Amino acid sequence: MLPATFKLCAGISYRHTRNMTGLQKNALAAIHHELSRLAGPGPSNWISQVRRRSSLLSSRIIEQEGLNEAELSYVKQGEDALSKAVRILSDQEGWTVETVAANGDKVLSKVLPDVGKVFRLEVEVEQSPDSLYEELVGNMEGMADWNPNVKQVKILQKIGKDTMVTHEVSAETPGNVVGIRDFVSVRCAKRRGSTCFLAGMSTQHPNMPEQRGMVRGENGPTCIVLKPCVEDLNKTKFTWLLSLDLKGWIPKTVVNKVLSQTQMDFASHLRQRMATNVPMEMGMAPAAC
């Protein structure tokens, strides 16, 4: 199956932009609004925390003044991916159930005019958002160790605290129905209150041109949202928006089946991975994301 990694990425690259400061202010304000909508009511006062941290919008601009034009372009791509993904997830209308597992895991889908068909995984994981965030972001390059759908994840460049550019290589599907694909993605990681976000989209990077023998796919916008369950803060409501173009001559029916199954498989592999990790702080509430 395809790498669970793909979910974390998406889209195409943007041209470098001149007046980045003004654009950054607009983008951050939009993201602030959309993240507040998506978080909704929950076990933590997430929205009020975001409002109290509204100074973050201006401080981020100051923090990024040391970045060059290319780095700022990656930051903007990541924030654009996050904003677009959150808008998609915030709209609850029009989703069709693709599959539901016995344990309640489910995948839904929706066709969007400017994006195409997107998939939405909704599961509950018996781990805190903080633990999952550390595994998926802090230990991102180790994903191939526990997810057989992924051959490699490599961080090509880190930009500030929230942005990175990665290269992901998928494993072949059984019977080689879908061959190896690779992706170059920009990722934007945000931690607000007790809710964590990891969004992404496809991009280009000078250190990773297209590779011989691999088809380069495109993804995005994608986003993982980790939110503590209301009844138990040590459990997580895990939502993954996946938008992927595998390229090549593959029937859409095959692609749709592969992508929805990839999401289901990822949930299973992630649970197995987290079950083998010995919690460092048993019984303690998760740190604020």
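These are my notebook entries on a predicted model of one protein chain.

**Conventions**

I number residues from 1 along each chain as its sequence is written, and I leave out hydrogens and water, since side-chain values use heavy atoms. The model being predicted, local features need pLDDT of at least 70 and side-chain atom pairs count only at pLDDT 80 or more, whereas totals for chains, interfaces and linings use all residues.

**Entry 1: overall composition and confidence**

I looked up the secondary structure and found 6 helices and 12 strands. Helices (H or I, at least four residues) and strands (E, at least two) are DSSP runs, numbered from the N terminus. The chain has 289 residues, of which 53% count as buried. Buried means under 20% relative accessible area, exposed over 50%, and partly exposed in between (1.4 Å probe, protein chains only).

I then examined contacts, that is, heavy atoms within 4.5 Å. Among those between residues at least 6 apart in sequence, 68% join residues at least 24 apart.

For confidence I read pLDDT, the predictor's confidence in each residue, from 0 to 100. The chain averages 80, and 72% of the residues score at least 70. Which elements have the lowest and the highest mean pLDDT? Helix 2 (residues 46-52) has the lowest, at 36, and strand 11 the highest, at 98. I noted two stretches in which pLDDT stays under 50: residues 1-21, with 105 contacts beyond four places in sequence, and residues 41-59, with 30 such contacts. Where pLDDT is low, the predicted coordinates should not be read in detail.

**Entry 2: aromatic pairs**

Rings of Phe, Tyr and Trp (its six-membered ring) pair if their centres lie within 6.5 Å; planes under 30 degrees apart count as stacked, over 60 as edge-to-face and the rest as tilted.

The rings of F238 and F266 have centres 6.1 Å apart and planes at 40°, so I recorded this pair as tilted. The pair links distant parts of the chain, with F238 in strand 11 (residues 236-242) and F266 in helix 6 (residues 252-276), 28 residues apart. F238 is buried at a relative accessible area of 1%, and F266 is buried at 0%.

W240 and F266 form an edge-to-face pair, 5.4 Å centre to centre with 65° between the planes. Because W240 lies in strand 11 and F266 in helix 6, this pair ties together parts that are 26 residues apart in sequence. W240 is itself buried, with a relative accessible area of 0%. I recorded W146, F238, W240 and F266 as one aromatic cluster.

I also found a charge over a ring (NZ of Lys or CZ of Arg within 6 Å of the ring centre and within 35 degrees of the ring normal). The charged end of R120 sits over the ring of W95, 5.2 Å from its centre.

**Entry 3: nonpolar cores**

I took a nonpolar core to be a set of buried Ala, Val, Leu, Ile, Met, Phe, Trp, Tyr and Cys residues joined through side-chain atoms within 4.5 Å. Which residues have the most contacts inside the largest core? They are L121, L136, F238, F266 and L270, in a core of 37 residues. Elements giving two or more residues to this core include strand 3 (116-125), strand 4 (150-159), strand 11 and helix 6. Helix 6 supplies the largest share, 8 residues. Beyond its neighbours within four places in sequence, L270 is in contact with L132, L136, W146 and F238.

**Entry 4: helix 5**

I counted 7 of the 10 residues of helix 5 as buried, so this helix is largely enclosed by the rest of the structure. The buried residues are P129, D130, L132, Y133, E135, L136 and V137. They pack against strand 3, strand 6, strand 7, strand 10, strand 11 and helix 6.

**Entry 5: strand 10 and the cysteines**

I224 lies in strand 10 and is buried at 2% relative accessibility. I noted that its C-alpha atom is separated by 9.7 Å from that of V86, 138 residues apart along the chain.

How many disulfides does a search of the whole structure find? It finds 0, a disulfide being a pair of cysteine sulfur atoms within 2.5 Å. For C223 the nearest cysteine sulfur, that of C188, is 8.7 Å away. C223 is buried at 0% relative accessibility, and C229 is buried at 6%.
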